[in-house]
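Here is a short briefing on the structure shown below. Please read it with the coordinates open.

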There are 2 protein chains.
Amino acid sequence: MCRGDDATCPEFENHRRDFLEAMDHERRAFLKSAFVSGSGAAAFSTGGLSLVTSALAAKAEARQRGQKSHYYLPASAETVHWGYLSKLLKPQLELESGDYVTIETLTHRASDDTELMITGDPGAESVFYWTKDRKNVERRGAGPMDASLFGRGAGEGLGVHICTGPIYVRGAEPGDVLELRILDVEPRPSANPEHAGRAFGSNAAARWGFHYNDLLTEPKPREVITIYEIDALGARNWAKAVYNFQWVPQTDPFGVVHTIIDYPGVPVDPASIRKNFSILKNVRIPIRPHFGVIAVAPREADIVDTVPPGYFGGNMDNWRVGKGATMYYPVAVEGALVSVGDPHASQGDSELCGTAIECSLTGTFQLILHKKADLAGTPLEGLDFPMLETNDDWVVHGFTYANHLAELGAQAQSEIYRKSSVDAAMRDAFRKMRQFLMHAKRLTEDEAISLMSVGVDFGITQVVDGNWGVHAVIKKAIFAGD
Amino acid sequence: MCRGDDATCPEFENHRRDFLEAMDHERRAFLKSAFVSGSGAAAFSTGGLSLVTSALAAKAEARQRGQKSHYYLPASAETVHWGYLSKLLKPQLELESGDYVTIETLTHRASDDTELMITGDPGAESVFYWTKDRKNVERRGAGPMDASLFGRGAGEGLGVHICTGPIYVRGAEPGDVLELRILDVEPRPSANPEHAGRAFGSNAAARWGFHYNDLLTEPKPREVITIYEIDALGARNWAKAVYNFQWVPQTDPFGVVHTIIDYPGVPVDPASIRKNFSILKNVRIPIRPHFGVIAVAPREADIVDTVPPGYFGGNMDNWRVGKGATMYYPVAVEGALVSVGDPHASQGDSELCGTAIECSLTGTFQLILHKKADLAGTPLEGLDFPMLETNDDWVVHGFTYANHLAELGAQAQSEIYRKSSVDAAMRDAFRKMRQFLMHAKRLTEDEAISLMSVGVDFGITQVVDGNWGVHAVIKKAIFAGD
């Protein structure tokens, strides 16, 4: 069924209206959602410390319309871009600072089990549609459209995430800071009636995983997919494994054989695999629903692989970016051009095997623009990296290269995969936390360095996204005596 | 006053008896101590999941005496070894599996402010005693006694931690596993009557810190000491800064000038420094009292620098090793030879600037021996790395080299400082967590790898101890469905 996202449907207008009504209900309901977040309750709803001072909040508010709008952006072949970010993309939505938007996001690994994660779901069917004659979303990745590099398919799978958007924020200009509040996160239920009330996700232990060339058991190397089940009703805060299988060559509808996992959205033929159901018995994975990718469009290149994160956010893969969290991004292009994707039901720090529990989610966000002119003297002045605020913590994100697109020259987007280093990401995270403490908290360098050693925790965000990540977490309570 | 730790005191026997009585009181009191731990309540007192199966516990119990003893090991010049571990050290105490011991530990940075952390404290005065004629603890570090390498002093400061012990566990042999339960941790109050009820610690932002060659402000480079105050009565769960100062050359009592921080226990001359009191105003550091160093004696060398950690534990610098935690160590030499030191009031993951809040503490421990013959088929079988259990988590410790003493050849103890790498430590932590999940939790490699990606958090323990550390944390609740 069209859910207001298929303009070719004869009932499109009615379906669209239903959508908007559902959206309104959604907006009223989002603060009482029972879906559990691992990242702590809303920073903005508890009156806790915030990087947005009351004066800055007042300035932002003064620039907003009195009446806020709440938009709904469904995921469909028309509203997503797959595997790349681009400042040239046509916005799917334009909104004003202060507006709300509910955004559907789809996992690019849904085709690991089409029956569980695609069939019967109009949005997913629209995005994943691929027959011998037609692919609804042709480009998948930042590579050439003619697949002249590796012959994998259009875009070559150089970048894999399905991103919904972009969203144009009116008035946003380079130098501004975009505040993005995550008000709610909901799993996308399976449309398969046999699995009512459940959602599913896929974890790929893939060739780009940290483990891949370091396996103990045969066959070596191998790629393994594990399918997980999540309670879509929010009553159970853990996921469980359903089955796993070893990847075997898959022939896509255009006839290309994918011996390894090298192109997103290739439908796995159930007849080709052997499912092992006796796995991870009684193991309960705590859920941490979050978005692996939230990006503003980078300025440096026209088409950017979604995999390596950077100053623009992107594929940070930090599980703390969930319900109740607020992100701050430096706006790099006019309109900011926000894209959201790579939804995860859960992930550990490091995302060791290459992916999380990749699981379609719908998020509700509020986007607030802070103009450069208002930022002087505030903690957000000069922010040039993606910064996270939760109810309890501030988190800075270091990468092997703070801005690989600018630092690594013309071949930056391939070069970054050869430079991956936790050591370098630790260096970057140290410098960013120092900058934060010296600038936003007005400490001297000596104060900042001592505090970092005794009160800041450095963790490994991910070791699988080319531009590897280290995050540094400082508790807000440290400053509660102010 | 002698506290039963000075055999030359004419009242030694009386003081010793007082000690033993105080110890008995201590034992009765330790489970109701109010001193706050950051690492979660006792794993062993809550009936939570434990790596010690009930069958293994029964076997260990059957090997113990019915009547447990509780010993008290004070810190004095006679009971500590400074800057090195050694399988050749004469034990300060012999005990049976199951016995309790309260151990005083002293921070090696107490001489950064002698008035606050040494004066009037007989144990600290005994250990730090150093005049132009005599040093009570001559050797400090694993270097040559004649200081023929750098002229810094006996042992050359190659290793810095004051360790109390070692303790000989009767019956312990290589291949066994030693379980060490941390029942209580108490700060050591200042003996200065002006500071009754307070304890103090020192944080050195030192030349081995991660920041040292990457400073923004002049003078570059510099070393800075920050003195912190802790509530010794346990009512306040945060520390605050008192003052800081830049290190200036200090002349030790033997006349050696220490232009940089290169030898432990050099008394800082208050007249030589400029104290800045206006620092870290209103900043509250959450306390996480723990022991940076708990070691069994390594087998590979006769005298081992305390700084780099390894399979024997040692200077792991993980703040989770506090009250309520249990450590498991592979016994490497007869009697295990347990040493405890490097007490910290708090530390962040990474210990960025080179040290924590270095603060003398007293801990109460129970030591339980698990014989190799009892381990078959249990989670502890074949354990060859230090493993931590808290109420909520299991934690494995990866290092740049799992065993630098064995892997780096004859010059291992200097070579390790040239090989430091978070990337390599991440690799080691991955392998150890995989081993734990496959062995202790009986998962296949594919199950273990998927679980690690979606449910295990990898963090940076320290980037300052030569053999850099990455820990991997898995929640016990993941297996609560068993």
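A:Pro166 sits in strand E6 of chain A, residues 162-169. The bond that joins A:Gly165 to A:Pro166 is a cis peptide, with omega about 5°. This is a predicted model, and its scores are ipTM 0.92 and pTM 0.92.

**Backbone geometry**
- Most peptide bonds are trans, and most residues other than glycine have a negative phi.
- Another cis peptide bond links A:Lys220 and A:Pro221, where omega is about -20°.
- A:Pro221 belongs to the loop between E8 and E9 of chain A.
- In chain B, B:Leu280 has a positive phi, near 45°, although this residue is not a glycine.
- B:Leu280 is found in the loop that runs between strand E12 (257-258) and strand E13 (285-286) of chain B.

**Confidence**
- The average pLDDT of chain A is 92, and 90% of its residues score at least 70.
- Residues 23-47 of chain A have pLDDT below 50. Beyond near neighbours in sequence, this stretch still has 62 contacts in the model.
- Where pLDDT is low, the predicted coordinates should not be read in detail.

**Interface size and make-up**
- The size of an interface is often given as the accessible area lost when the parts come together.
- Here, chain A and chain B bury about 5,500 Å² between them. Carbon and sulfur atoms account for 56% of that area.
- A:Phe210, A:Ser453 and A:Val454 provide 12% of what chain A buries against chain B, more than any other three residues.
- Chain A brings 69 residues to the contact, and chain B brings 70 residues.

**Pairs and elements at the interface**
- Side chains of opposite charge can pair when their charged atoms come close.
- The interface of chain A and chain B holds 10 salt bridges.
- A salt bridge joins B:Asp446 and A:Arg222, with the closest N and O atoms 2.8 Å apart.
- Polar contacts across the interface of chain A and chain B involve 47 residue pairs, both residues being at pLDDT 80 or more.
- Several elements of chain A give two or more residues to the side that touches chain B, including strand E8 (198-205), strand E9 (224-231), helix H8 (422-439), helix H9 (445-455) and strand E23 (456-462).
- Which element gives the most to this side of chain A? H9(A) does, with 10 residues.
- By class, the side of chain A that touches chain B has 33 nonpolar, 19 polar and 17 charged residues.

**Salt bridges over all chains**
- The count over all chains comes to 58 salt bridges.
- Within chain A, A:Asp374 forms a salt bridge with A:Arg63, and the closest N and O atoms are 2.7 Å apart.
- That pair links distant parts of the chain, 311 residues apart.
- A:Asp374 lies in helix H5 (residues 372-375) of chain A, while A:Arg63 lies in the loop between helix H2 (54-62) and strand E1 (70-73).

Key
Residues numbered from 1 in each chain as written. Chains lettered and ligands numbered in written order. Heavy atoms only, no water. Contact = heavy atoms within 4.5 Å. Buried area = accessible area lost by both parts, 1.4 Å probe. Salt bridge = Lys/Arg side-chain N within 4 Å of Asp/Glu carboxyl O. Polar contact = N/O pair within 3.5 Å; in protein donor to acceptor, adjacent residues only side chain to side chain. Helix = DSSP H or I, 4+ residues; strand = E, 2+ residues; numbered from the N terminus. Nonpolar A, V, L, I, M, F, W, Y, C, P; charged D, E, K, R; others polar. pLDDT = per-residue confidence, 0-100.
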